[in-house]
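Here is a short briefing on one protein model. Look at the sequence and the structure first, then read on.

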Amino acid sequence: RVKHLNRINRTAVVETSDGREVALHFGAESYIEVPELASGGFITGSFEYLKEGYWVEAKFTESDGVCHCSSLSCRS
(Lines give C-alpha, C1' and ligand atoms only; values in the text may rest on other atoms or scores of the structure.)
Protein backbone atom coordinates (compact mmCIF):
# COMPACT_ATOMS: atom_id res chain seq x y z
CA ARG A 1 0.00 0.00 0.00
CA VAL A 2 1.29 3.46 -0.86
CA LYS A 3 1.74 5.24 2.47
CA HIS A 4 3.51 8.43 1.40
CA LEU A 5 4.46 10.19 -1.83
CA ASN A 6 7.22 12.72 -2.35
CA ARG A 7 6.49 14.34 -5.69
CA ILE A 8 9.69 16.43 -5.73
CA ASN A 9 12.05 13.46 -5.24
CA ARG A 10 9.81 11.00 -7.14
CA THR A 11 9.70 8.54 -4.24
CA ALA A 12 6.96 6.55 -2.59
CA VAL A 13 6.94 4.75 0.74
CA VAL A 14 5.15 1.43 0.25
CA GLU A 15 4.04 -0.87 3.06
CA THR A 16 4.65 -4.52 2.18
CA SER A 17 2.31 -7.39 2.97
CA ASP A 18 4.46 -8.31 5.97
CA GLY A 19 4.30 -4.77 7.43
CA ARG A 20 7.71 -3.48 6.35
CA GLU A 21 8.05 -0.05 4.74
CA VAL A 22 10.15 0.33 1.60
CA ALA A 23 11.05 3.65 -0.02
CA LEU A 24 10.95 3.31 -3.81
CA HIS A 25 12.52 5.73 -6.29
CA PHE A 26 10.80 6.18 -9.66
CA GLY A 27 12.84 7.10 -12.70
CA ALA A 28 11.48 8.40 -15.98
CA GLU A 29 11.53 4.84 -17.36
CA SER A 30 9.44 3.34 -14.53
CA TYR A 31 6.26 1.63 -15.77
CA ILE A 32 3.22 2.70 -13.75
CA GLU A 33 -0.30 1.36 -14.12
CA VAL A 34 -3.14 3.22 -12.35
CA PRO A 35 -6.93 2.91 -12.08
CA GLU A 36 -9.03 4.47 -14.84
CA LEU A 37 -12.23 5.46 -13.11
CA ALA A 38 -14.46 5.87 -16.18
CA SER A 39 -14.03 2.26 -17.31
CA GLY A 40 -13.21 0.66 -13.98
CA GLY A 41 -10.02 -0.74 -15.52
CA PHE A 42 -6.39 0.32 -15.48
CA ILE A 43 -4.28 2.53 -17.74
CA THR A 44 -0.60 3.28 -18.16
CA GLY A 45 0.10 6.43 -16.21
CA SER A 46 2.96 8.31 -14.65
CA PHE A 47 4.25 8.97 -11.15
CA GLU A 48 1.98 12.00 -10.93
CA TYR A 49 -1.07 9.70 -11.19
CA LEU A 50 -0.21 7.78 -7.99
CA LYS A 51 -2.20 8.44 -4.83
CA GLU A 52 -1.60 7.56 -1.21
CA GLY A 53 -3.69 4.58 -0.16
CA TYR A 54 -3.48 2.68 -3.46
CA TRP A 55 -2.82 -1.03 -3.02
CA VAL A 56 0.01 -1.87 -5.38
CA GLU A 57 2.31 -4.57 -6.70
CA ALA A 58 5.85 -3.31 -7.27
CA LYS A 59 8.97 -4.69 -8.92
CA PHE A 60 12.23 -3.09 -7.89
CA THR A 61 15.96 -3.59 -7.57
CA GLU A 62 18.24 -2.32 -4.86
CA SER A 63 21.61 -0.75 -5.55
CA ASP A 64 23.72 1.66 -3.54
CA GLY A 65 21.13 1.52 -0.76
CA VAL A 66 18.32 2.81 -3.03
CA CYS A 67 15.33 0.80 -4.23
CA HIS A 68 14.68 1.61 -7.88
CA CYS A 69 11.15 0.77 -9.02
CA SER A 70 10.95 -0.69 -12.52
CA SER A 71 7.19 -1.22 -12.49
CA LEU A 72 4.26 -0.57 -10.22
CA SER A 73 0.69 -1.75 -10.84
CA CYS A 74 -2.22 -0.53 -8.75
CA ARG A 75 -4.54 -3.23 -7.47
CA SER A 76 -7.17 -1.03 -5.82
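How many residues line the largest pocket, and which lie nearest its centre? The largest pocket is lined by 13 residues, and Val14, Glu15, Thr16, Val56 and Ala58 lie nearest its centre. This is a predicted model, where local features need pLDDT of at least 70, side-chain atom pairs count only at pLDDT 80 or more, and totals for chains, interfaces and linings use all residues. Residues are numbered from 1 along each chain as its sequence is written, and side-chain values use heavy atoms, with hydrogens and water left out.

**The largest pocket**
- A pocket is an open set of points on a 1 Å grid over the protein atoms alone, where a 1.4 Å probe fits, with protein on both sides within 12 Å along at least five of seven lines; lining residues have an atom within 4 Å of a point.
- The largest pocket has a volume of about 210 Å³; a volume is the space filled by probe spheres set on the points, which are joined across faces, edges and corners.
- Strands β2 (11-15), β3 (21-36) and β5 (56-63) each supply at least two lining residues; strands are DSSP runs of E, at least two residues long, numbered from the N terminus.
- β5 gives the largest share of this lining, four residues.
- Seven lining residues are nonpolar, two polar and four charged. Nonpolar means Ala, Val, Leu, Ile, Met, Phe, Trp, Tyr, Cys and Pro; charged means Asp, Glu, Lys and Arg; the others, Gly among them, are polar.

**The nonpolar core**
- A nonpolar core is a set of buried Ala, Val, Leu, Ile, Met, Phe, Trp, Tyr and Cys residues joined through side-chain atoms within 4.5 Å.
- The largest core has 17 residues, of which Leu24, Phe26, Ile32, Leu50, Val56, Leu72 and Cys74 touch the most other members.
- β3 supplies the largest share of this core, five residues.
- Beyond its neighbours within four places in sequence, Leu50 is in contact (heavy atoms within 4.5 Å) with Leu5, Arg7, Phe26, Ile32, Val34, Leu72 and Cys74.

**A buried serine**
- Ser73 is in strand β6.
- Ser73 counts as buried because its relative accessibility is 13%; buried means under 20% relative accessible area, exposed over 50%, partly exposed in between (1.4 Å probe, protein chains only).
- Leaving aside neighbours within four places in sequence, Ser73 is in contact with Glu33, Trp55, Val56 and Glu57.

**Positive phi**
- Most residues other than glycine have a negative phi.
- Arg10 has a positive phi of about 55°, and is partly exposed at 24%.
- Asp64 has a positive phi near 55°, and is exposed at 80%.
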